[in-house]
Amino acid sequence: MLLCVSASHKTAPFELLERLSVHTDRVAATIAGHDECVQGAVVVATCNRFEAYVEMDEPVTAAGAVGVEAALLAIESATGVTPTELEGFYEVVAGDDVAHHLFSVASGLESVVIGEGEIAGQVRRALTEAREHGTTSPELERLFQRASETQRGIKNATAIGRAGRSLVRLSLELADSRVTDWSQLRVVMVGTGSYAAATVAALRDRGAADISVASPSGREALFAGRHALQPVPAAAFAAAVATADLVITCTSAEHPVLSAATFAEGLAATDAALHPARRLVIDLGLPRNVDHDVAAVADTDLLDLETIRLHAPLEELQATDDARRLVADAAARFVVAGERRSVTPAVVAMRAHVAAVLETEIARARGRGDDGTTEQALRHLAGVLMHTPTVRAHELAEQGRADDVFTAVSALFGLEIDEASSPAVPDGIASAS
């Protein structure tokens, strides 16, 4: 059984999401180690979303409740956010609905800005990290791989990617009203992570040319060389931001990298003639990269993710509707494929039993001098006889009646079936389909 514990910009306040974004690398492993009935866990953590995807052992009584408990306790252990604090700010998606939910998330349909592209990469990275930490499972692998396939299909088949805009580009659009000539701006970007390259591209698209980069982790020189920017060493950081017209922060640092004290230091160390008449600070970090007190710095405007979210544009309805239809179709196919897989052990056991009987009768025929005619006839007969029950088993599975298939095969053939096993289908019986 799959389930998802989700807190997002639709269910939780920004401050809570900010706290959930810290130390998330430990959450999946903690969930996976909670109980033997937990088969695997993958965590998707973005600036506006925290989601734990969990696979539970289906036969476990109240498996859903155990999975939610595992997720909430892991969140508390890693981030310090207690289940009580989360109460009312998260939702649980379970069963067949999980695929629809993740496919929508991966395709950007649940983002602040509908159709934004960053989420697709974040979903892929979540699976990669789960693999590295050994917390994924076969069904979670299938779920996340199909999510990425669905996202790519929607991107190619609809205008959703063009209708939506990334948070970086949206923030710059909101800044347009304050900027008369982008080519004359002195820009300092803080960060060299996943948003940094997108930020540089978006700035240059608008005509910005004087762009410098600083990095709390000391990678500014490497990033600057790669993107033809000016590096800002740590010793010059305060002066650089104090004399910049636009400062954009997009780091994964767990604590603010820019505060009123930073500006005070920089303003005191630089010539007043270099100070802009008005500066804009855009904070794209989560946790926030910029301290709240920056909003009180003279001649400074602060634009953070919470403000950007409030100005997110209305959806492009037709593109979004088309994308949602494709998500629904993909989710339905995922569920059907899962149901068909769920009866595979019963079908394999039934066909293996018949194959064993078949080989016994063929051996007898050979002992009586059969020239191959009887063997061929027996193999054809067995294939024809097994076709209908095999097809019917899959049909029942797609109707949610997989348990009926296991019961019938066990009762009719007297077989004990391991539902967790999926051996290869015996090839001794020719398919009549």
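View 1. Strand 2 (residues 38-46) is largely enclosed by the rest of the structure, because seven of its nine residues are buried (under 20% relative accessible area, 1.4 Å probe, protein chains only). Strands are DSSP runs of E, at least two residues, and helices are runs of H or I, at least four, numbered from the N terminus. This is a predicted model, in which local features need pLDDT of at least 70, side-chain atom pairs count only at pLDDT 80 or more, and totals for chains, interfaces and linings use all residues. Residues are numbered from 1 along each chain as its sequence is written, and side-chain values use heavy atoms, without hydrogens or water.

**View 2. Strand 2 with strand 3.** Strand 3 covers residues 49-56 and runs antiparallel to strand 2, with eight bridges between them; pairing requires at least two DSSP bridges. A hairpin of two residues connects strand 2 to strand 3. Val44 faces Glu51 of strand 3.

**View 3. The largest cavity.** The whole structure holds one cavity of 30 Å³ or more. Its lining has 15 residues, and Thr46, Asn48, Ser111, Val112 and Glu116 are the closest to the centre. On a 1 Å grid over the protein atoms alone, a cavity is a set of points where a 1.4 Å probe fits but cannot get out; lining residues have an atom within 4 Å of a point. The largest cavity contains about 120 Å³ of space, the volume filled by probe spheres set on points joined across faces, edges and corners. Helix 6 (residues 118-133) gives the largest share of the lining, three residues.

**View 4. Confidence.** Mean pLDDT (the predictor's confidence in each residue, 0 to 100) is 86 for the chain, and 90% of residues reach 70 or more.

Methods. Buried < 20%, exposed > 50% of the residue type's maximum accessible area, 1.4 Å probe, protein only. 1 Å grid on protein atoms, 1.4 Å probe; cavity = no way out; pocket = protein on both sides within 12 Å on 5 of 7 lines; lining within 4 Å.
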